[in-house]
Amino acid sequence: SVDSPDGIIPATKTSKSILRYSDSGVTAGVIYDAGDYKCVSLGFPIETIEEKSTIDTLFECVFKYFE
């Protein structure tokens with residue numbers, strides 16, 4: 001677990017919240033599409049996800065976003 005995970009917010013109109021912490025509703029993940037490149041930012045270390053199936057699903061979604 002993470003003692004104090006970061007909350008992050010989209011900074012532009014081309015960025016969007018993709019994950020929220022269930023206990024606080026604060027944004028935990030943001031995607032950004034600049035046209036020439038894309039970015040995914042998370043407010044927590046991926047290693048803190050305990051279930052392998054959840055990690056697999058997260059990576060699958062991220063990879064699809066970059067396609």
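**Exercise 1.** Lys16 stands opposite a residue of β2; state which residue this is and how the strands pair.

*Solution.* Lys16 faces Ile31 in β2. The model is predicted, and local features need pLDDT of at least 70, side-chain atom pairs pLDDT 80 or more, while totals for chains, interfaces and linings use all residues. Numbering runs from 1 along each chain as its sequence is written, and side-chain values use heavy atoms, without hydrogens and water. Strands are DSSP E runs of at least two residues, numbered from the N terminus; two of them pair if DSSP finds at least two bridges between them. β1 (residues 15-20) and β2 are antiparallel, with five bridges. Six residues lie between these strands, and in this hairpin Gly25 has a positive phi near 80°.

**Exercise 2.** Find the residue opposite Asp33 and describe the hairpin of β2 and β3.

*Solution.* Asp33 stands opposite Lys38 in β3. β2 and β3 (residues 38-42) also pair in the antiparallel sense, over five bridges. Four residues separate the strands, and Gly35 takes a positive phi near 90°. The charged end of Lys38 sits over the ring of Tyr65, 4.7 Å from its centre (NZ of Lys or CZ of Arg within 6 Å of the ring centre and within 35 degrees of the ring normal).

**Exercise 3.** Decide whether β2 is mostly covered or uncovered, and classify Tyr32.

*Solution.* β2 (residues 27-33) is mostly covered, with five of its seven residues buried. Buried means under 20% relative accessible area, exposed over 50%, and partly exposed in between (1.4 Å probe, protein chains only). Tyr32, at 25%, is partly exposed.
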